[in-house]
Amino acid sequence: MSELSYLETLHPSWGQSFVMDEVLFESKTEHQHLVIFRNDQWGAVMALDGVIQTTEGDEFIYHEMLAHVPMFSHPKPKSVLIIGGGDGGILREVLKHACVETVTMVEIDAQVVEMCKTYLPNHSQGAFEDPRLNLVIADGVEFVNQTKQTFDVVISDSTDPVGPGEVLFTSRFYQGIASCLNPDGVFVAQNGVSFLQNNEVRNTALRLKPLFLQRGFYCAAVPTYVGGVMSFAWATQQQNLSQQGLDEVVARYQSAAIKTRYYTPTLHQACFALPQYLNELID
C-alpha cells in the first residue's frame, strides 16, 4: 500500500488498486489490519488484511442478494442469525422485513463495528439501534456450536478464508449451522469469486453435502469483487430454493413492501442458473 493507492493482495499474481483520496481510519485491531479510505469512484472503501471488503458504491448488490434470497425463500422468517457482517449492511436489509422478531449478530471484531458506524454509516443506516438486534462480540464457530437458540435464517457474511475468516469455511462451522437451524430454515454464505477462488466452492460443496438434504450455489456480479461472478452457498433440510416458483417470490416481495436497488423476484429466480465452469466445480 502506497501513500496514494491501495493494492489488493487477495490473489498472489493479480489484483486491483484503488486511489486513496483520503484515509479515514487505519489501525491494527485485535484480529486484523483495518483501513477505511475514500475513493472518488466508490465512496468510502473498507479493507481488511489487504483485501477489499466493501464499498459505498456497490455494497447494495452484495447485501441485498445475500440477505433477500434466503429471507424471501422462507415462508415467514422470524429469527435470524448473522455471522460476521460488521459493516451492518446485511443487518440493514434483514431488518427491512417486518416479520423479523429477533436478529442475533455475531461479529468477532468489535472495532470493525464501531469504525463502520462512524465511517460507513450508510451501510447500517441506524440498524444497530434497532431493538430487535442482539449484537454478540464472539467467535462465530464457537457460537453456533454452543448456542441453544435456533434460527429460521442463518447468513454468514464472512471475510475470505484467510485469517479470522478461515474458520467460517470449515466442517465444524457448518456442523454448528446444521444444529442451530430450524427444520425449515435456510442457510446462506458468501463463497468468493468462483472463477478465481474455485477451491472455496469445491470445499464448501463437499462439506455441506453430508449435513444438509439440499444445498447449492447462486450468483451475483458485484463490481469490486473482481474476477467473475460472486458465488453464494445455500443449504436447507426441507425446501429447494432453486426451484421456488416465481409467483410465490413475487407475492412475498410485494407483501413485504420493501425497497431494493438490485434484488428483484426475477433476479431471485435467475440467480440459481450457474455458469458451466461452476457446475463442474461443484460436481
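Predicted model: local features only at pLDDT ≥ 70, side-chain atom pairs only at ≥ 80, totals over all residues.
Helix α1 covers residues 59-73, and its span of 21 Å from the first C-alpha to the last is close to the 21 Å expected at 1.5 Å a residue.

Arg252 lies in helix α8, which comprises residues 246-256, and because its relative accessibility is 18%, under the limit of 20%, Arg252 counts as buried. The side chain of Arg252 reaches the backbone oxygen of Ser73 at 3.2 Å, and a polar contact of 2.5 Å joins it to the side chain of Glu248. When residues up to four places away in sequence are not counted, Arg252 touches Phe72, Ser73, His74, Pro75 and Gln244.

The count of salt bridges comes to eight. One of them joins Glu114 and Lys117 at 3.5 Å, N to O; these two residues are three apart in helix α3 (residues 110-119), which means that they are separated by about one helical turn. Glu114 is partly exposed, with a relative accessible area of 39%, and Lys117 likewise counts as partly exposed, at 31%.

In a further salt bridge, between Lys96 and Glu93, the closest N and O atoms are 3.0 Å apart; Lys96 is partly exposed at 30%, whereas Glu93 is buried at 1%. Asp130 and Arg132 also form a salt bridge, with the closest N and O atoms 3.0 Å apart, and Arg132 is partly exposed at 22% relative accessibility. Through salt bridges that share partners, Glu59, Arg92, Glu93 and Lys96 are joined into one network.

Notes. Residues numbered from 1 in each chain as written. Heavy atoms only, no water. Helix = DSSP H or I, 4+ residues; strand = E, 2+ residues; numbered from the N terminus. Buried < 20%, exposed > 50% of the residue type's maximum accessible area, 1.4 Å probe, protein only. Polar contact = N/O pair within 3.5 Å; in protein donor to acceptor, adjacent residues only side chain to side chain. Contact = heavy atoms within 4.5 Å. Expected span 1.5 Å × (residues − 1). Salt bridge = Lys/Arg side-chain N within 4 Å of Asp/Glu carboxyl O.
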